[in-house]
Amino acid sequence: LFPHSAVALVGRIAPVFRRGTDLPKELREVLGAPAAPPTILLVHQLRSVSEAWGSLSPEQRPALEAVAGDATSRVYRELGARSGRDELDDYEVDDHAETVQILGGVPCVWHSPTRKFWHPHHCFFEGLGPLALLRLRPAPAGRDLDLGLDWLGVRRRPDAEDCLEFLRDLG
């Protein structure tokens with residue numbers, strides 16, 4: 001069970017207390033109940049939100065754009081805050097491949113202007129040039145959010161292989 005404040009981070013994939021209720025800190029420690037969800041649950045939440053978005057009809061999407069944006073940006077910020085404070089445990093630092101497997105090619109980088117989820121390997125913080133037709137440059141949004149996107153695989157700039165992949169996608 002997680003505190004109600006974690007509901008935005010885990011959605012419906014993990015149990016949370018109702019608003020205004022929680023376990024006392026001492027009881028939480030005795031039970032070994034974490035005060036915050038583990039990073040693996042955050043990754044599952046991103047996948048869940050992306051898949052839910054993909055299952056919506058075009059008519060349903062406008063009403064839920066803000067929800068998708070808010071849910072994902074909270075997860076990106078939390079991932080970034082943890083990595084910036086070196087609070088990722090050994091599993092989370094060493095087994096990054098598991099994150100890639102959980103996401104399984106699911107686009108998980110939300111971009112509000114295009115109302116679309118993008119694959120992290122198609123997103124770069126700078127240097128897009130003509131690649132901007134089929135690739136994304138996330139808007140600057142702060143240190144924690146950028147660190148979270150970086151943790152998910154968004155890279156600084158495209159390399160030669162990215163340019164070749166872009167040309168293959170055009171063809």
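## Briefing: fold, core and aromatic cluster

Of the 171 residues in the protein chain, 38% are buried. Keep in mind as you look around that this is a predicted model. The chain folds into eight helices and two strands, and, read from the N terminus, its elements follow the order α-α-α-α-α-α-β-β-α-α.

**Overall picture**

- The protein chain has an accessible surface of about 9,800 Å², and carbon and sulfur atoms account for 57% of that surface.

**The largest nonpolar core**

- The largest nonpolar core has 31 residues, and the members that touch the most others are Leu46, Tyr76, Leu79, Val109, Leu149 and Leu152.
- At least two residues of this core come from each of these elements: helices H1 (7-10), H3 (39-55), H4 (61-84), H6 (96-103) and H7 (143-152), together with strands S1 (109-111) and S2 (116-118).
- Helix H3 gives this core its largest share, with six residues.

**Aromatic rings**

- How many aromatic pairs does the structure hold? There are two aromatic pairs.
- Trp53 and Trp110 make an edge-to-face pair, with 4.9 Å centre to centre and 75° between the planes.
- Because Trp53 sits in helix H3 and Trp110 in strand S1, this pair ties together parts that are 57 residues apart in sequence.
- Trp110 also pairs with Phe117, and this pair is tilted, at 4.9 Å centre to centre and 55° between the planes.
- Taken together, Trp53, Trp110 and Phe117 form one aromatic cluster.

**A nonpolar patch on the surface**

- On the surface, Leu27, Val30 and Leu31 form a nonpolar patch, and together they have about 310 Å² of accessible area.
- Leu27 belongs to helix H2, which covers residues 25-31.
- Why does Leu27 count as partly exposed? Leu27 does so because its relative accessibility is 38%, and partly exposed residues lie between the 20% limit for buried and the 50% limit for exposed.

Notes: Residues are numbered from 1 along each chain as its sequence is written. This is a predicted model: local features need pLDDT of at least 70, side-chain atom pairs count only at pLDDT 80 or more; totals for chains, interfaces and linings use all residues. Side-chain values use heavy atoms; hydrogens and water are left out. Patches are made of residues with over 30% relative accessible area and no salt bridge: like charges are joined within 9 Å, nonpolar side chains (Val, Leu, Ile, Met, Phe, Trp, Tyr) within 5 Å. Accessible areas come from the Shrake-Rupley method with a 1.4 Å probe; for residues, only the protein chains shown count as cover. A salt bridge is a side-chain nitrogen of Lys or Arg within 4 Å of a carboxyl oxygen of Asp or Glu. Helices (H or I, at least four residues) and strands (E, at least two) are DSSP runs, numbered from the N terminus. Buried means under 20% relative accessible area, exposed over 50%, partly exposed in between (1.4 Å probe, protein chains only). A nonpolar core is a set of buried Ala, Val, Leu, Ile, Met, Phe, Trp, Tyr and Cys residues joined through side-chain atoms within 4.5 Å. Rings of Phe, Tyr and Trp (its six-membered ring) pair if their centres lie within 6.5 Å; planes under 30 degrees apart count as stacked, over 60 as edge-to-face and the rest as tilted.
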